[in-house]
Amino acid sequence: MTIKGHVLLSTNLFVMTSLLLVERNEYFISYGLVFYSVFLMGVVFVDIDEPNSWIGKKLFFLSYPFKLINITAKILLWGFGVEKKEWYRFFEHRGLTHMFLFVFIFFVISYCLFKADMKIMSHIVASFGFGVLTHQLGDVLTNTGIKNYFFPFFIGKNFKTPITFSTGGLFEIIFNACLLFLLAIQIFLFFESKELF
Ligand SMILES: [Zn+2]
């Protein structure tokens with residue numbers, strides 16, 4: 001999925017969640033934009049494991065060290081005589097940052113912050129984690145899917161939806177146009193039909 005597709009799909013999910021689950025009180029009005037900004041960072045951050053991705057090129061000072069760590073980890077695995085291919089996948093593109101485990105870490109941190117009475121920080125971390133999750137959902141819609149998504153469970157399984165499309169292909173363009181339309185409806189609802197909530 002292209003960066004445009006990811007941002008469109010994720011923004012749709014963010015607005016949809018806000019419409020359905022979040023009470024639109026003063027707190028949300030004040031911090032909504034902060035949460036959305038952090039959420040978007042989460043969406044784009046996921047591809048940091050690939051220096052050739054949109055974010056990987058922009059933040060090359062992060063994506064190259066990330067790649068270097070991955071290569072080192074693979075050499076170490078090889079050095080320790082690990083033969084299972086699945087362990088090597090952990091350190092490739094669509095590796096750790098594309099696994100549920102990665103989202104889980106953010107939700108655990110968010111929960112701990114909430115328990116420690118740091119409500120805003122907790123919501124900021126959760127927004128980032130939610131961004132990561134919606135990015136992963138976008139990748140599951142593509143032909144490549146995500147292998148070992150529930151690592152260390154279901155090892156070897158490639159997760160993708162029954163209908164998938166190729167990144168940047170015609171189907172994705174049509175899909176993006178539908179997402180844009182859906183987003184427009186949701187934004188209209190968000191601002192116009194306050195009485196619904
Ligand atoms: Zn990705």
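At what angle do the axes of helix 1 and helix 2 cross, and within what distance do they come? In this predicted model, the two axes cross at roughly 140 degrees and come within 10 Å. Angles over 145 degrees would count as roughly antiparallel; helix 1 and helix 2 are therefore oblique to each other. Helix 1 passes helix 2 in a right-handed crossing. On the helix 1 side the contact is made by Ile-3, His-6, Val-7, Ser-10 and Phe-14, and on the helix 2 side by Tyr-36, Phe-39, Leu-40, Val-43 and Val-44.

**Helix 1 and its partners**

Helix 1 covers residues 3–21, which is 19 residues. From first C-alpha to last, helix 1 reaches 26 Å, close to the 27 Å expected at 1.5 Å a residue. Its buried residues are Gly-5, His-6, Val-7, Leu-8, Leu-9, Ser-10, Thr-11 and Phe-14. They pack against helix 2 (26–45), helix 7 (119–140) and helix 8 (170–192).

The pairing with helix 8 has an angle of about 30 degrees, with the axes 9 Å apart. Because angles under 35 degrees count as roughly parallel, helix 1 is described as roughly parallel to helix 8. The crossing is left-handed. Helix 1 contributes Lys-4, Gly-5, Leu-8, Leu-9, Thr-11, Asn-12, Val-15, Met-16 and Leu-19 to this contact. Residues of helix 8 in the contact include Glu-172, Asn-176, Leu-179, Leu-183, Gln-186 and Phe-190.

**The largest nonpolar core**

The largest nonpolar core has 18 residues, of which Val-38, Phe-39, Val-43, Phe-128, Phe-130, Val-132 and Leu-133 touch the most other members. Helix 1, helix 2 and helix 7 are the elements that give two or more residues to this core. The largest share, six residues, comes from helix 7. Leaving aside residues up to four places away in sequence, Phe-39 touches Phe-14, Ser-127, Phe-128, Phe-130 and Gly-131. In soluble globular proteins, nonpolar side chains tend to be buried together.

**Leu-113**

Leu-113 lies in helix 6 (residues 100–115). It counts as partly exposed because it has 18 C-beta neighbours inside 10 Å, whereas a buried residue needs 20 or more. Not counting residues up to four places away in sequence, Leu-113 touches Met-118, Met-121, Ser-122 and Val-125. Met-1 is 112 residues from Leu-113 along the chain, and their C-alpha atoms are separated by 33 Å.

**Backbone exceptions in loops**

Most residues other than glycine have a negative phi, and most peptide bonds are trans.

| Residue | Phi | Other C-beta atoms within 10 Å |
|---|---|---|
| Arg-94 | near 60 degrees | 21 |
| Asn-148 | about 55 degrees | 24 |

Arg-94 lies in the loop between helix 5 (85–89) and helix 6, and is buried. Asn-148 lies in the loop between strand 1 and strand 2, and is buried as well.

Where is the cis peptide bond that joins Phe-151 to its proline? The bond joins Phe-151 and Pro-152, with omega at about 5 degrees. Pro-152 lies in the loop between strand 1 (146–147) and strand 2 (158–159), and Asn-148 lies in the loop between these strands too.

Key. Residues numbered from 1 in each chain as written. Predicted model: local features only at pLDDT ≥ 70, side-chain atom pairs only at ≥ 80, totals over all residues. Helix = DSSP H or I, 4+ residues; strand = E, 2+ residues; numbered from the N terminus. Expected span 1.5 Å × (residues − 1). Buried ≥ 20, exposed ≤ 12 C-beta atoms within 10 Å, placed from the backbone. Contact = placed C-beta atoms within 7 Å. Core = buried A, V, L, I, M, F, W, Y, C linked by C-beta atoms within 7 Å. Axes fitted to C-alpha atoms, helices over the stretch in contact; angles between N-to-C directions. Parallel < 35°, antiparallel > 145°, perpendicular 65-115°, else oblique. Left-handed = near helix turned anticlockwise from the far one by under 90°.
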